[in-house]
Amino acid sequence: MNRSARDTIQMGMGCEAINPPLGVPLAGYPNKRENTGGELDLCVRVAVFAEATSPSPAAAMVVLDNLGAGPDVVAKIRQTVAGAVDALPPASILVAATHTHSAPSLRAFGGQETGKAPQVNADYVARIAGAAARAAAAAWERRTTVRI
């Protein structure tokens, strides 16, 4: 079978730990539950993609070990990652979550009817965005040609 450049892309992967601080409330529980530590790291994983011969990235996928992320958090992550990988447009960055209950809330949900929706921890968001940016920069630096 004759393979051409149409059958290949550039792709790189990066990963950073995003373990929450001890004592912060965890998301998705009916009663308050605080982080007491864990056996496995929570991570942000990033894949960066480009056309086979392009010097610039075309897209990235950021996956957080978290219950979910609200629009403000997604925008912060996109901006921070785009700033770490030259020529990567924020609109070309997909942000997804694995749905773990072992992390703080990254979006306000539940409790709106009582006015007690969980607050998003701005310091933790900044840590996650920074980790995503470092993982994305490493992914772009380590990219290699792969076959589709």
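The structure is a predicted model, in which local features need pLDDT of at least 70, side-chain atom pairs count only at pLDDT 80 or more, and totals for chains, interfaces and linings use all residues. Residues are numbered from 1 along each chain as its sequence is written, and side-chain values use heavy atoms, with hydrogens and water left out.

**Overall architecture**

- The chain contains 2 helices and 5 strands, which follow the order β-β-β-α-β-α-β along the sequence. Helices (H or I, at least four residues) and strands (E, at least two) are DSSP runs, numbered from the N terminus.
- Of the chain's 148 residues, 36% are buried; buried means under 20% relative accessible area, exposed over 50%, and partly exposed in between (1.4 Å probe, protein chains only).
- Among contacts in the chain with a separation of 6 or more, 70% come from residues 24 or more positions apart. A contact means heavy atoms within 4.5 Å.
- The chain has an accessible surface of about 8,600 Å², and carbon and sulfur atoms hold 52% of this surface. Accessible areas come from the Shrake-Rupley method with a 1.4 Å probe; for residues, only the protein chains shown count as cover.

**Cysteines**

- The structure has 0 disulfides, a disulfide being a pair of cysteine sulfur atoms within 2.5 Å.
- C15 takes part in no disulfide, and its nearest cysteine sulfur belongs to C43, 3.8 Å away.
- For C43, the closest cysteine sulfur is that of C15, and the separation of 3.8 Å is too far for a bond.
- The two residues can also be described by accessibility: C15 is partly exposed at 45% relative accessibility, whereas C43 is buried, with a relative accessible area of 10%.

- S105 lies in the loop between β4 (93–97) and α2 (122–141).
- With 8% relative accessibility, S105 is classed as buried.
- The side chain of S105 reaches the backbone oxygen of R107 at 2.4 Å.
- S105 and Q119 are 14 residues apart along the chain, and their C-alpha atoms are separated by 7.5 Å.

Notes. Polar contact = N/O pair within 3.5 Å; in protein donor to acceptor, adjacent residues only side chain to side chain.
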